[in-house]
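Here are a few exercises to work through with the model open beside you. Try each task yourself before you read its solution.

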Amino acid sequence: MLDKKIQKLMTWLLCVILAWTSVIPAYAGSPIMSDGMDETEILARYPNAKIIHVDQASYPELAEQLRSQGYESTTTLPVMQLASNDTVQTNGSVTIQKKASSSDCNSRSGPASTPGDESLRVMVDFSSDVMKSGSNNGDAAAIVFVIIGTVLIVVWALYVFKYLYDVATGFTPCGKWSDVVFTSSFISGNANQSANFNGVRYMTGYRDGATEFGISAELGYADILLNDVAIPELKGLYWFIGPVLRWRLSTGKNPHYFQMNFLAGSTEHDEMDVIAQANLGLQFGIGDTLRLGVSWGAMNINLNGDQGLISETDQYYYLYGLSMGFQF
(Lines give C-alpha, C1' and ligand atoms only; values in the text may rest on other atoms or scores of the structure.)
Protein backbone atom coordinates (compact mmCIF):
# COMPACT_ATOMS: atom_id res chain seq x y z
CA MET A 1 0.00 0.00 0.00
CA LEU A 2 2.80 2.34 0.96
CA ASP A 3 4.63 1.47 -2.24
CA LYS A 4 1.60 2.48 -4.32
CA LYS A 5 1.36 5.83 -2.52
CA ILE A 6 5.03 6.46 -3.13
CA GLN A 7 4.61 5.43 -6.76
CA LYS A 8 1.66 7.85 -7.20
CA LEU A 9 3.63 10.66 -5.53
CA MET A 10 6.62 10.08 -7.81
CA THR A 11 4.33 10.04 -10.83
CA TRP A 12 2.70 13.33 -9.72
CA LEU A 13 6.09 14.97 -9.19
CA LEU A 14 7.25 13.80 -12.61
CA CYS A 15 4.17 15.32 -14.26
CA VAL A 16 4.72 18.65 -12.48
CA ILE A 17 8.37 18.71 -13.57
CA LEU A 18 7.44 17.95 -17.19
CA ALA A 19 4.77 20.61 -17.17
CA TRP A 20 7.13 23.17 -15.67
CA THR A 21 9.88 22.50 -18.23
CA SER A 22 7.42 22.74 -21.14
CA VAL A 23 5.54 25.89 -20.03
CA ILE A 24 8.20 28.11 -18.44
CA PRO A 25 10.53 28.34 -21.50
CA ALA A 26 7.63 29.63 -23.58
CA TYR A 27 7.11 32.48 -21.12
CA ALA A 28 10.85 33.03 -20.80
CA GLY A 29 11.28 33.41 -24.57
CA SER A 30 8.42 35.93 -24.88
CA PRO A 31 7.95 37.75 -21.61
CA ILE A 32 4.49 38.98 -20.79
CA MET A 33 4.50 42.74 -20.31
CA SER A 34 2.40 44.69 -17.88
CA ASP A 35 -0.49 45.13 -20.32
CA GLY A 36 -0.61 41.44 -21.29
CA MET A 37 1.36 41.67 -24.56
CA ASP A 38 4.40 39.53 -25.22
CA GLU A 39 7.47 40.68 -27.15
CA THR A 40 6.15 39.43 -30.49
CA GLU A 41 2.95 41.44 -30.14
CA ILE A 42 4.85 44.54 -29.05
CA LEU A 43 7.26 44.36 -31.99
CA ALA A 44 4.35 43.79 -34.37
CA ARG A 45 2.55 46.84 -33.03
CA TYR A 46 5.66 48.99 -32.58
CA PRO A 47 8.21 48.01 -35.25
CA ASN A 48 10.66 50.70 -34.09
CA ALA A 49 10.74 49.47 -30.48
CA LYS A 50 13.99 48.05 -29.11
CA ILE A 51 13.74 45.38 -26.41
CA ILE A 52 16.76 43.78 -24.80
CA HIS A 53 17.28 41.51 -21.79
CA VAL A 54 20.03 42.16 -19.28
CA ASP A 55 21.08 39.95 -16.41
CA GLN A 56 21.32 41.40 -12.94
CA ALA A 57 25.11 41.49 -12.90
CA SER A 58 25.43 43.41 -16.19
CA TYR A 59 22.65 45.88 -15.56
CA PRO A 60 24.58 48.52 -13.49
CA GLU A 61 27.20 48.87 -16.23
CA LEU A 62 24.52 49.19 -18.95
CA ALA A 63 22.48 51.65 -16.89
CA GLU A 64 25.50 53.90 -16.33
CA GLN A 65 26.41 53.75 -20.01
CA LEU A 66 22.90 54.75 -21.10
CA ARG A 67 22.67 57.42 -18.42
CA SER A 68 25.82 59.04 -19.79
CA GLN A 69 24.10 59.22 -23.20
CA GLY A 70 21.15 61.21 -21.84
CA TYR A 71 18.79 58.41 -20.78
CA GLU A 72 17.01 58.15 -17.45
CA SER A 73 15.41 55.20 -15.64
CA THR A 74 11.79 54.90 -14.60
CA THR A 75 9.48 52.17 -13.39
CA THR A 76 6.17 53.94 -13.88
CA LEU A 77 5.75 54.50 -17.62
CA PRO A 78 3.30 52.19 -19.38
CA VAL A 79 4.60 49.66 -21.88
CA MET A 80 2.72 51.17 -24.84
CA GLN A 81 4.35 54.54 -24.23
CA LEU A 82 7.76 52.96 -23.82
CA ALA A 83 7.50 51.00 -27.02
CA SER A 84 6.43 54.02 -29.03
CA ASN A 85 9.21 56.17 -27.58
CA ASP A 86 12.15 53.95 -28.57
CA THR A 87 12.96 52.51 -25.14
CA VAL A 88 14.97 49.68 -23.70
CA GLN A 89 13.28 46.97 -21.57
CA THR A 90 15.27 44.90 -19.10
CA ASN A 91 14.30 41.61 -17.51
CA GLY A 92 13.97 43.45 -14.21
CA SER A 93 11.44 46.16 -13.41
CA VAL A 94 13.57 49.09 -14.61
CA THR A 95 13.02 50.73 -17.98
CA ILE A 96 15.49 53.06 -19.68
CA GLN A 97 13.94 55.97 -21.57
CA LYS A 98 15.64 58.86 -23.35
CA LYS A 99 15.20 62.31 -21.85
CA ALA A 100 13.52 65.08 -23.85
CA SER A 101 15.59 68.24 -23.81
CA SER A 102 13.66 71.29 -22.68
CA SER A 103 15.14 73.27 -25.56
CA ASP A 104 14.19 70.79 -28.26
CA CYS A 105 11.35 71.51 -30.66
CA ASN A 106 8.34 69.47 -29.62
CA SER A 107 4.63 69.07 -30.23
CA ARG A 108 3.84 72.02 -27.98
CA SER A 109 6.14 74.40 -29.82
CA GLY A 110 5.60 73.36 -33.42
CA PRO A 111 7.65 71.50 -36.02
CA ALA A 112 11.39 71.17 -35.82
CA SER A 113 13.58 74.15 -36.64
CA THR A 114 14.71 74.62 -40.21
CA PRO A 115 18.00 75.94 -41.66
CA GLY A 116 16.31 79.28 -42.28
CA ASP A 117 15.68 79.83 -38.56
CA GLU A 118 19.30 80.76 -37.89
CA SER A 119 19.71 82.79 -41.07
CA LEU A 120 20.22 86.55 -41.14
CA ARG A 121 18.10 88.50 -43.63
CA VAL A 122 19.31 91.85 -44.91
CA MET A 123 16.60 93.96 -46.56
CA VAL A 124 16.22 97.40 -48.13
CA ASP A 125 12.76 98.91 -47.62
CA PHE A 126 11.36 101.96 -49.42
CA SER A 127 7.96 103.33 -48.39
CA SER A 128 6.16 106.51 -49.38
CA ASP A 129 2.82 108.26 -49.13
CA VAL A 130 2.30 108.34 -52.88
CA MET A 131 -1.34 109.45 -52.44
CA LYS A 132 -0.38 112.46 -50.25
CA SER A 133 -3.07 111.36 -47.85
CA GLY A 134 -2.33 114.01 -45.21
CA SER A 135 -4.11 116.63 -47.30
CA ASN A 136 -6.78 114.37 -48.77
CA ASN A 137 -7.90 111.41 -46.68
CA GLY A 138 -5.94 111.46 -43.43
CA ASP A 139 -9.05 110.27 -41.54
CA ALA A 140 -9.10 107.05 -43.57
CA ALA A 141 -5.38 106.57 -42.88
CA ALA A 142 -6.12 107.01 -39.18
CA ILE A 143 -8.64 104.13 -39.32
CA VAL A 144 -6.10 101.90 -41.06
CA PHE A 145 -3.50 102.82 -38.43
CA VAL A 146 -5.80 102.00 -35.51
CA ILE A 147 -7.04 98.69 -36.96
CA ILE A 148 -3.60 97.33 -37.87
CA GLY A 149 -2.03 98.52 -34.62
CA THR A 150 -4.77 97.14 -32.38
CA VAL A 151 -4.91 93.71 -34.03
CA LEU A 152 -1.14 93.37 -34.02
CA ILE A 153 -0.63 94.37 -30.40
CA VAL A 154 -3.41 92.09 -29.10
CA VAL A 155 -2.27 89.02 -31.06
CA TRP A 156 1.39 89.68 -30.29
CA ALA A 157 0.62 89.95 -26.56
CA LEU A 158 -1.11 86.55 -26.67
CA TYR A 159 1.95 84.92 -28.25
CA VAL A 160 4.25 86.54 -25.68
CA PHE A 161 2.04 85.20 -22.90
CA LYS A 162 2.17 81.72 -24.48
CA TYR A 163 5.95 82.01 -24.79
CA LEU A 164 6.32 82.87 -21.10
CA TYR A 165 4.00 80.00 -20.15
CA ASP A 166 5.96 77.53 -22.29
CA VAL A 167 9.26 78.64 -20.79
CA ALA A 168 7.84 78.32 -17.28
CA THR A 169 6.75 74.73 -18.03
CA GLY A 170 10.02 73.71 -19.66
CA PHE A 171 9.29 74.26 -23.35
CA THR A 172 10.62 76.94 -25.68
CA PRO A 173 9.64 77.89 -29.25
CA CYS A 174 11.61 76.52 -32.18
CA GLY A 175 14.19 78.62 -33.94
CA LYS A 176 15.41 82.18 -33.58
CA TRP A 177 15.36 84.66 -36.45
CA SER A 178 16.95 88.05 -37.16
CA ASP A 179 16.46 90.69 -39.86
CA VAL A 180 18.44 93.83 -40.64
CA VAL A 181 16.49 96.36 -42.72
CA PHE A 182 17.77 99.61 -44.24
CA THR A 183 14.67 101.80 -44.35
CA SER A 184 13.65 104.97 -46.13
CA SER A 185 10.17 106.43 -45.57
CA PHE A 186 8.80 109.61 -47.10
CA ILE A 187 5.44 111.25 -46.43
CA SER A 188 3.97 114.47 -47.82
CA GLY A 189 0.62 116.12 -47.20
CA ASN A 190 1.35 119.13 -49.39
CA ALA A 191 4.20 121.47 -50.28
CA ASN A 192 4.46 122.67 -46.68
CA GLN A 193 4.20 119.29 -44.93
CA SER A 194 6.68 116.49 -45.44
CA ALA A 195 8.85 114.12 -43.47
CA ASN A 196 11.70 111.88 -44.50
CA PHE A 197 13.03 109.06 -42.29
CA ASN A 198 16.20 107.15 -43.19
CA GLY A 199 17.47 104.55 -40.78
CA VAL A 200 18.43 100.99 -39.88
CA ARG A 201 15.93 98.58 -38.35
CA TYR A 202 16.88 95.44 -36.47
CA MET A 203 14.25 92.75 -35.87
CA THR A 204 14.70 89.58 -33.85
CA GLY A 205 12.47 87.00 -32.24
CA TYR A 206 11.41 83.38 -31.97
CA ARG A 207 9.37 80.98 -34.06
CA ASP A 208 6.47 79.07 -32.57
CA GLY A 209 5.23 76.66 -35.22
CA ALA A 210 4.38 78.72 -38.31
CA THR A 211 4.27 81.96 -36.30
CA GLU A 212 7.24 84.25 -35.74
CA PHE A 213 7.06 87.02 -33.16
CA GLY A 214 9.60 89.45 -31.85
CA ILE A 215 10.77 93.01 -31.36
CA SER A 216 11.97 95.57 -33.89
CA ALA A 217 14.03 98.69 -33.18
CA GLU A 218 14.93 101.43 -35.64
CA LEU A 219 17.40 104.29 -35.41
CA GLY A 220 18.08 106.90 -38.03
CA TYR A 221 17.98 110.47 -39.29
CA ALA A 222 14.76 112.45 -39.81
CA ASP A 223 14.00 115.59 -41.81
CA ILE A 224 10.55 116.98 -40.88
CA LEU A 225 8.98 120.09 -42.41
CA LEU A 226 5.64 121.34 -41.02
CA ASN A 227 5.42 124.98 -42.07
CA ASP A 228 1.64 125.03 -41.62
CA VAL A 229 2.07 124.87 -37.85
CA ALA A 230 4.79 127.51 -37.69
CA ILE A 231 7.56 125.07 -36.77
CA PRO A 232 10.90 125.32 -38.56
CA GLU A 233 12.37 122.34 -40.37
CA LEU A 234 13.45 119.71 -37.84
CA LYS A 235 16.49 117.63 -38.66
CA GLY A 236 18.09 115.10 -36.37
CA LEU A 237 18.00 111.63 -34.87
CA TYR A 238 14.82 109.59 -34.48
CA TRP A 239 14.12 106.23 -32.86
CA PHE A 240 11.36 103.63 -33.12
CA ILE A 241 10.65 100.41 -31.23
CA GLY A 242 7.74 97.98 -31.31
CA PRO A 243 6.41 94.45 -31.85
CA VAL A 244 6.56 92.44 -35.05
CA LEU A 245 4.46 89.42 -35.96
CA ARG A 246 4.52 87.24 -39.04
CA TRP A 247 3.20 83.93 -40.29
CA ARG A 248 4.93 81.49 -42.62
CA LEU A 249 2.99 80.83 -45.79
CA SER A 250 5.37 78.12 -47.03
CA THR A 251 8.09 75.80 -45.79
CA GLY A 252 11.77 75.57 -46.56
CA LYS A 253 14.85 77.66 -45.94
CA ASN A 254 13.47 80.84 -47.55
CA PRO A 255 9.69 80.84 -46.92
CA HIS A 256 6.99 83.38 -47.80
CA TYR A 257 5.53 85.50 -44.99
CA PHE A 258 2.55 87.59 -44.06
CA GLN A 259 3.97 90.24 -41.74
CA MET A 260 2.66 92.96 -39.40
CA ASN A 261 4.73 95.74 -37.80
CA PHE A 262 4.03 98.44 -35.27
CA LEU A 263 6.69 101.04 -34.40
CA ALA A 264 6.48 104.02 -32.09
CA GLY A 265 9.04 106.58 -31.01
CA SER A 266 10.05 110.19 -31.41
CA THR A 267 12.92 112.50 -32.40
CA GLU A 268 15.52 114.47 -30.51
CA HIS A 269 13.44 117.66 -30.86
CA ASP A 270 11.13 118.79 -28.06
CA GLU A 271 8.56 120.00 -30.58
CA MET A 272 7.81 116.42 -31.63
CA ASP A 273 5.65 114.07 -29.59
CA VAL A 274 5.02 110.44 -30.53
CA ILE A 275 5.65 109.28 -34.09
CA ALA A 276 4.26 105.84 -34.94
CA GLN A 277 3.62 103.61 -37.91
CA ALA A 278 1.63 100.42 -38.41
CA ASN A 279 1.83 98.31 -41.54
CA LEU A 280 1.20 94.87 -42.94
CA GLY A 281 2.54 93.15 -46.01
CA LEU A 282 3.77 90.09 -47.83
CA GLN A 283 7.32 88.86 -48.23
CA PHE A 284 8.21 86.35 -50.90
CA GLY A 285 11.21 84.02 -50.80
CA ILE A 286 12.72 83.33 -54.22
CA GLY A 287 15.21 80.49 -54.32
CA ASP A 288 17.36 80.08 -51.21
CA THR A 289 18.40 83.72 -50.74
CA LEU A 290 16.42 86.38 -52.64
CA ARG A 291 13.50 88.12 -50.91
CA LEU A 292 10.93 90.57 -52.27
CA GLY A 293 8.15 92.28 -50.33
CA VAL A 294 5.24 94.70 -50.50
CA SER A 295 3.62 96.54 -47.60
CA TRP A 296 0.80 98.95 -46.79
CA GLY A 297 -0.08 100.90 -43.67
CA ALA A 298 -0.14 104.33 -42.07
CA MET A 299 2.05 106.71 -40.11
CA ASN A 300 1.06 109.12 -37.34
CA ILE A 301 3.02 112.29 -36.61
CA ASN A 302 1.99 113.94 -33.38
CA LEU A 303 3.25 117.32 -32.16
CA ASN A 304 3.42 118.41 -28.56
CA GLY A 305 0.18 120.06 -27.45
CA ASP A 306 1.66 123.53 -27.12
CA GLN A 307 2.99 123.61 -30.66
CA GLY A 308 1.07 125.18 -33.53
CA LEU A 309 -2.64 124.93 -34.22
CA ILE A 310 -4.63 122.33 -32.29
CA SER A 311 -6.10 120.93 -35.50
CA GLU A 312 -2.65 120.29 -36.90
CA THR A 313 -1.05 118.49 -33.93
CA ASP A 314 -2.12 115.00 -35.06
CA GLN A 315 -1.65 113.91 -38.68
CA TYR A 316 -2.02 110.49 -40.36
CA TYR A 317 -0.50 109.46 -43.67
CA TYR A 318 -0.67 106.31 -45.80
CA LEU A 319 2.52 104.36 -46.42
CA TYR A 320 3.03 102.10 -49.45
CA GLY A 321 6.26 100.11 -49.47
CA LEU A 322 8.50 97.86 -51.50
CA SER A 323 11.39 95.85 -50.12
CA MET A 324 14.15 93.65 -51.49
CA GLY A 325 16.91 91.73 -49.81
CA PHE A 326 18.90 88.56 -49.29
CA GLN A 327 19.03 85.82 -46.71
CA PHE A 328 22.40 84.56 -45.51
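**Exercise 1. Find which side chain makes a polar contact with that of Ser184, and place Ser184 in the chain.**

Solution. Step one: the side chains of Ser184 and Asn198 are joined by a polar contact of 2.8 Å. A polar contact here is a pair of N or O atoms within 3.5 Å; within protein, one must be able to donate a hydrogen and the other to accept it, and residues adjacent in sequence count only if both atoms are side-chain atoms.

Step two: Ser184 belongs to strand β5, residues 174-190. Helices (H or I, at least four residues) and strands (E, at least two) are DSSP runs, numbered from the N terminus.

Step three: with neighbours within four places in sequence left aside, Ser184 is in contact (heavy atoms within 4.5 Å) with Asp125, Phe126, Ser127, Asn196, Phe197 and Asn198.

A word on the ground rules: this is a predicted model, in which local features need pLDDT of at least 70 and side-chain atom pairs count only at pLDDT 80 or more, while totals for chains, interfaces and linings use all residues. Residues are numbered from 1 along each chain as its sequence is written, and side-chain values use heavy atoms, with hydrogens and water left out.

**Exercise 2. Work out which residue meets Glu218 in a salt bridge, and whether Glu218 counts as buried or exposed.**

Solution. Step one: the partner is Arg201, at 2.9 Å from N to O. A salt bridge is a side-chain nitrogen of Lys or Arg within 4 Å of a carboxyl oxygen of Asp or Glu.

Step two: Glu218 lies in strand β7 and Arg201 in strand β6, so this pair ties together parts that are 17 residues apart in sequence.

Step three: Glu218 counts as buried at 4% relative accessibility, and Arg201 counts as buried at 6%. Buried means under 20% relative accessible area, exposed over 50%, and partly exposed in between (1.4 Å probe, protein chains only).

**Exercise 3. Trace the salt bridges of Glu212 and name the network they belong to.**

Solution. Step one: Glu212 meets Arg246 in a salt bridge of 2.7 Å, N to O. Arg246 lies in strand β8 and Glu212 in strand β7, so the pair ties together parts that are 34 residues apart in sequence.

Step two: Glu212 also forms a salt bridge with Arg248 (3.1 Å, N to O). Arg248 lies in β8, so here the tied parts are 36 residues apart in sequence.

Step three: Glu212 is buried at 1% relative accessibility, and Arg248 is buried at 12%. Salt bridges that share partners join Arg121, Asp179, Glu212, Arg246 and Arg248 into one network.

**Exercise 4. Describe the surroundings of Gln277.**

Solution. Step one: Gln277 sits in strand β10, residues 272-286, and is buried, with a relative accessible area of 3%.

Step two: the side chain of Gln277 makes a polar contact with the side chain of Asn279 at 3.4 Å.

Step three: beyond neighbours within four places in sequence, the contacts of Gln277 include Arg201, Asn261, Leu263 and Met299.

Step four: strand β9 (residues 257-267) runs antiparallel to β10, and nine bridges join the two. Together β9 and β10 form a hairpin with four residues between them. Nine of the 11 residues of β9 are buried, so the strand is largely enclosed by the rest of the structure.

Note on methods:
Two strands pair if DSSP finds at least two bridges between them.
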